[in-house]
Amino acid sequence: MSKFISNILLPKLLSEAAEIKNSNLKPWINEEEEEDTYWEDDDDDSSKKIIENKFELFQVDVKLKEKSFKKCTMKPCINNCRRVEEDDSFKKITENKYEVKLREKSVKKAVVETPFPLKSKKRKSCEKSKKPPPPLPIEFKNAILELAQGATVSQEKLVIQKILFNADIEKTQNRFSIPVKQIREEFLTEQEKINLTKYVSISSTRKMAMEVRIIDPLLSETTVELKNWELRKNAGPSSFSYVLNDTWRKIREENKLEIGNILQLWAVRVDGELLFALVKLP
């Protein structure tokens, strides 16, 4: 900075001072050596004072400029530093989010891949329904053998185990419904299924029924009608069920069946003939 002032700025100031004193000053400048510039005049002192004042002002201006230059150079640096810090923090946040996502994915994979996943309420209810049902009580087996009277008896099959609802108990609806989706074991032959889908006549809307002997919870024997029943809906496909009707109201009343009772319907074949056993679970 000192070289800049002495070599460049000081000669310029001297030349400006010489122009101010056009009439009084008589400058003698050596063109070859500009550094040795001086004036030969009676008013040397006044010109020197002007030059010194200007020089002081120039120094003050230079200092102010240096300060402003430092401020200008420092601010971007501070801003850049802040930006760098912000970028680093943003990178850390994004990295943390990415790690969290990776952990979540790994947890999901682990849950899917584990042989024993977490049990939900729905899963528990499904597991309860999949538990093996109680077997056919011995007293019903003995009653079946008495009815068979030495005829061949097939292995018993559990058709359905269900809770009685309002539709099964209402007096106006004389039926015990067996939804097809809830049937545990197939109990009908293919020919019996076909017969139950046929109508009584061409002009009739009633389907054919199949008479089946049944042993009720009190171990008394009676007959019921087995039908294929279609429930049509306003929207969506129809649902199909088998129903026991005709004498169902009598069975319900004599055995005092109520809403919430759990019933099992078992099926056996006696010399190929279908036989039902209705068990009321305690």
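Glutamine 149 sits in the loop between helix H4 (138-148) and strand E3 (157-163), where helices (H or I, at least four residues) and strands (E, at least two) are DSSP runs numbered from the N terminus. Its phi is near 50°, a positive value in a residue other than glycine. Glutamine 149 is also exposed, at a relative accessible area of 72%; here exposed stands for over 50% relative accessible area, buried for under 20%, and partly exposed for anything in between (1.4 Å probe, protein chains only). The model is a predicted one, in which local features need pLDDT of at least 70, side-chain atom pairs count only at pLDDT 80 or more, and totals for chains, interfaces and linings use all residues. Residues are numbered from 1 along each chain as its sequence is written, and side-chain values use heavy atoms, with hydrogens and water left out.

Aspartate 246 belongs to the loop between E7 and helix H7 (248-254) and counts as partly exposed, with 45% relative accessibility.

On to the strands. E5 and E6 pair in the antiparallel sense over six bridges, pairing being called when DSSP finds at least two bridges between two strands. Within this pairing, glutamate 211 stands opposite glutamate 225 in E6. The hairpin of E5 and E6 has five residues between the strands, and leucine 219 in that hairpin takes a positive phi near 65°. E5 also runs parallel to E9, joined to that strand by three bridges. There, arginine 213 stands opposite leucine 275 in E9.

Arginine 213 turns up again among the charged contacts. It forms a salt bridge with glutamate 221, the closest N and O atoms being 3.5 Å apart; a salt bridge is a side-chain nitrogen of Lys or Arg within 4 Å of a carboxyl oxygen of Asp or Glu. Glutamate 273 forms a salt bridge with arginine 213 as well, with 3.9 Å between the closest N and O atoms. Glutamate 273 lies in strand E9 (residues 273-280) and arginine 213 in strand E5 (residues 210-215), so this pair ties together parts that are 60 residues apart in sequence. Arginine 213 is partly exposed, at 23% relative accessible area, while glutamate 221 is partly exposed at 43% and glutamate 273 is partly exposed at 43%.

In total, the structure holds nine salt bridges. One of them joins the side chains of arginine 269 and glutamate 192, at 2.8 Å from N to O. Arginine 269 lies in strand E8 (residues 262-270) and glutamate 192 in helix H6 (residues 190-197), so the contact ties together parts 77 residues apart in sequence. Arginine 269 is buried, with a relative accessible area of 16%, and glutamate 192 is buried too, at 14%. Elsewhere, Glu186, Glu190 and Lys193 are linked in a salt-bridge network.

The largest pocket has a volume of about 390 Å³, a volume being the space filled by probe spheres set on grid points that are joined across faces, edges and corners. A pocket, on a 1 Å grid over the protein atoms alone, is an open set of points where a 1.4 Å probe fits, with protein on both sides within 12 Å along at least five of seven lines, and lining residues have an atom within 4 Å of a point. The largest pocket is lined by 15 residues, with Thr205, Lys207, Asn228, Trp229 and Glu230 nearest its centre. E6 gives the most to this lining, with four residues.
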